Amino acid sequence: MTLVAARESHFEPRPRPAPSGRGLSEATAPPRAPAPTSVPLLQVSGVSLEYRTPERVVRATHRIDLDVYAADRFVLLGPSGCGKSTLLKAIAGFHQPVEGEIRVGGEVVRGPGPDRIVVFQEFDQLPPWKTVAQNVAFPLRAAGLLGRREAEARARHYIDKVGLTRFADSYPHQLSGGMKQRVAIARALATQPKVLLMDEPFAALDALTRRKMQEELLALWDEVRFTLLFVTHSIEEALVVGNRVALLSPHPGRVRSEVNAHDFTLSDIGSRDFQAAVQRLHGRLFEAGPEPDASPVP
């Protein structure tokens, strides 16, 4: 197994080479996604984000640069409070940058849109008075994308994809937490967005259910090949879910480096190479180094 560093930010000294033998190795060029085009689908260019507290305005991210290609499984990895969820919300169109810009398909993001759908961490994302099929079909009809029959047919298609065919006519209160998340994923994929945004969607699940959901997400991606932007603070999850991982520094978030993790799978957890990669990424996430001036704004 190999983990290849793809890009180092301008304010960080290049890391030491990996030890000889199997393990991590460095590269100078960014990895390419398994996509038919070399043009990024999602471009984040010099994006700084801020939010206001009762006392001050705080900078959440500082001059983030990212390129995400079609069919990438791109992970934002960083400690709590580094601005990764804020960045995902900005890509979704819910938060405007104070600096830089975000483009999807070459168009500047100026607000929410059906080309970017978010799956949140909370289980209770589903209107409780609607069945599973109605929940998945609702955004298709509300956005005027499909008529009633077409929306129901597509909803049931994606419900089948996430393995919930038998529960299509059940209500959310009849489902487990993991099943509710599968419904949320089916609902998101049914709109056929350009980018699926997932904000720590498995963080509240128990360990066994979380692993099962990771397996199901990867199996679904292998079949559908959607473009995924996934937020997590778990290094292990980042390595198995992502084919590319951006490491964000502690608050305010900056891209410390980008790594290629496509060689790792769930079956590698516990292996020597996998644990060595986990330890190395942990060290890189928290290592000290010169940072740009990104002080909170008074």
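1. Start with the helix pair. Helix α3 (residues 148-161) and helix α4 (residues 177-190) have axes that come within 9 Å and cross at roughly 130°. Angles over 145 degrees would count as roughly antiparallel and 65 to 115 as roughly perpendicular, so α3 and α4 are oblique to each other. Keep in mind while looking that this is a predicted model.

2. The crossing itself is right-handed as α3 passes α4. On the α3 side, the contact is made by R154, Y158 and I159; on the α4 side, A186, L189 and A190 take part. Sorted by class, the contact of α3 with α4 has five nonpolar residues and one charged residue, with no polar ones.

3. Now over to the sheet. Four strands form an open sheet in the order β4-β3-β6-β7, and the pairing is antiparallel. At the edges sit β4 (57-68) and β7 (107-108), each of which pairs on one side only. In general, strands of a sheet pair through backbone hydrogen bonds.

4. Strand β3 (residues 42-52) runs antiparallel to β4, and the two are joined over eight bridges.

Methods: Residues are numbered from 1 along each chain as its sequence is written. This is a predicted model: local features need pLDDT of at least 70, side-chain atom pairs count only at pLDDT 80 or more; totals for chains, interfaces and linings use all residues. Side-chain values use heavy atoms; hydrogens and water are left out. Two strands pair if DSSP finds at least two bridges between them. Axes are lines fitted to C-alpha atoms, for helices over the stretch in contact, and angles run from 0 to 180 degrees between N-to-C directions. Angles under 35 degrees count as roughly parallel, over 145 as roughly antiparallel, 65 to 115 as roughly perpendicular and the rest as oblique. A crossing is left-handed if the near helix is turned anticlockwise from the far one by less than a right angle, and right-handed if clockwise. Contact means heavy atoms within 4.5 Å. Ala, Val, Leu, Ile, Met, Phe, Trp, Tyr, Cys and Pro count as nonpolar, Asp, Glu, Lys and Arg as charged, and the others, Gly among them, as polar.
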